[in-house]
Amino acid sequence: MTQSTATDRIKIEPQWKAVLLPEFEQPYMQALRQFLLQRKQQGATIYPPSELWFNAFNHTPFDQTKVVIIGQDPYHGPAQAHGLCFSVQADVKIPPSLLNIYKELATDLGIENHIGTLTPWADQGVLLLNAVLTVEAGSAGAHQGKGWETFTDTVIDHLNREREHLVFILWGSYAQKKGARIDNNRHLIIRSPHPSPLSAHRGFFGSHPFSQTNHYLTKQGLTPIEWQL
């Protein structure tokens with residue numbers, strides 16, 4: 001994967017592209033690219049479409065990131081995934097975990113949201129980062145262990161080292177393990193169970209992540225997030 005070929009075709013925000021350029025040249029990313037090309041040639045339907053793989057970065061530049069929410073992998077149903085974790089494309093039914101996120105938001109800040117597209121959050125500096133950036137139709141976790149996790153670990157490491165006073169929201173054990181190296185002296189880390197219907201009642205409800213985030217940002221002299229969609 002050379003700079004003059006693959007990286008020139010990657011649709012990723014310039015700041016992030018500069019930060020991550022060395023990663024795109026690593027052997028594991030070459031192997032990941034070959035795997036994705038092979039699966040496409042074999043007839044697999046990959047979500048989201050390739051132009052949206054780096055959508056989270058395109059909406060949330062490196063120096064404008066204020067909050068990081070870590071998800072696992074994209075939704076695997078038709079027209080759902082568009083490169084932002086927990087978010088779905090317009091006019092798609094809101095998934096159960098996002099419904100629970102909205103329930104907590106209503107309890108926390110009295111805000112009612114009724115659409116599933118979280119792009120306005122991303123445009124305000126909320127990096128909605130899945131650990132794995134692709135999946136196959138009807139096959140949850142199909143692209144885990146293929147290299148994306150290494151790539152997104154690098155994303156988190158850059159933010160952890162090179163930025164200060166970020167808010168990392170880690171919902172569930174998977175996100176918490178992925179965020180284990182984040183420096184809690186430089187950043188605010190908010191941990192709770194996952195908003196999935198299987199676990200939300202174990203402590204996600206009542207965790208107040210949205211008010212905690214805005215309180216911290218305000219304390220740092222930063223503009224809080226407008227969570228209303």
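This is a predicted model: local features need pLDDT of at least 70, side-chain atom pairs count only at pLDDT 80 or more; totals for chains, interfaces and linings use all residues.
Trainee: Which residues of helix 5 are buried?

Mentor: A residue counts as buried when its relative accessible area is under 20%. In helix 5 the buried residues are Ser97, Leu98, Asn100, Ile101, Tyr102, Glu104, Leu105 and Asp108.

Trainee: What do the buried residues of helix 5 pack against?

Mentor: They pack against helix 6 (119–123), strand 5 (167–171) and helix 9 (209–219). After helix 5 comes Gly110, with a positive phi near 70°.

Trainee: How does the span of helix 3 work out?

Mentor: Helix 3 covers residues 27–41, and at 1.5 Å a residue its 15 residues should span 21 Å. Its end C-alpha atoms are 21 Å apart, so the two values agree.

Trainee: Where do the buried residues of helix 3 lie around its axis?

Mentor: Start with the general idea. An α-helix has 3.6 residues a turn, so residues three or four places apart point the same way. Now the case here. Tyr28, Met29, Leu32, Phe35 and Leu36 are the buried residues to look at in helix 3. Seen down the helix axis, the buried residues fall within an arc of 115°, so they line one face of helix 3. Pro27 and Gln41, on the other side of helix 3, are exposed.

Trainee: What does the buried face of helix 3 pack against?

Mentor: The buried residues of helix 3 pack against helix 2 (14–24), strand 1 (46–47), strand 4 (135–136) and helix 7. Just after helix 3, Gly43 has a positive phi of about 95°.

Trainee: Which residues other than glycine have a positive phi?

Mentor: Ala79 is one of them, with a phi of about 65°. Asp91 also has a positive phi, near 70°. Ala79 sits in the loop between strand 2 and helix 5, and Asp91 is found in the loop between strand 2 and helix 5 as well. At 43% relative accessibility Ala79 counts as partly exposed, while Asp91, at 85%, counts as exposed.

Trainee: Where is there a cis peptide bond?

Mentor: It joins Tyr47 and Pro48, with omega about -15°. Pro48 is placed in the loop between strand 1 and helix 4 (55–59).

Trainee: How many cavities of 30 Å³ or more are there?

Mentor: The count comes to one. The largest cavity has a volume of about 80 Å³. It is lined by 13 residues, and those closest to its centre are Pro48, Pro74, Gly83, Leu84 and Asn130. By class, its lining has nine nonpolar, four polar and no charged residues.

Trainee: Which residues lie nearest the centre of the second largest pocket?

Mentor: They are Gly71, Gln72, Asp73, Phe86 and His194, out of 19 lining residues. The second largest pocket holds about 400 Å³ of space. Its lining divides into nine nonpolar, nine polar and one charged residue.

Trainee: Which element gives the most to that lining?

Mentor: Helix 8 gives the most, with four residues. Strand 2 (67–71) and helix 8 (172–178) each supply at least two residues of the lining of the second largest pocket.

Definitions and conventions: Residues are numbered from 1 along each chain as its sequence is written. Side-chain values use heavy atoms; hydrogens and water are left out. On a 1 Å grid over the protein atoms alone, a cavity is a set of points where a 1.4 Å probe fits but cannot get out, and a pocket is an open set with protein on both sides within 12 Å along at least five of seven lines; lining residues have an atom within 4 Å of a point. Grid points are joined across faces, edges and corners, and a volume is the space filled by probe spheres set on the points. Ala, Val, Leu, Ile, Met, Phe, Trp, Tyr, Cys and Pro count as nonpolar, Asp, Glu, Lys and Arg as charged, and the others, Gly among them, as polar. The expected span of a helix is 1.5 Å times one less than its number of residues. Buried means under 20% relative accessible area, exposed over 50%, partly exposed in between (1.4 Å probe, protein chains only). The arc is that of the directions from the helix axis to the C-beta atoms. Contact means heavy atoms within 4.5 Å.
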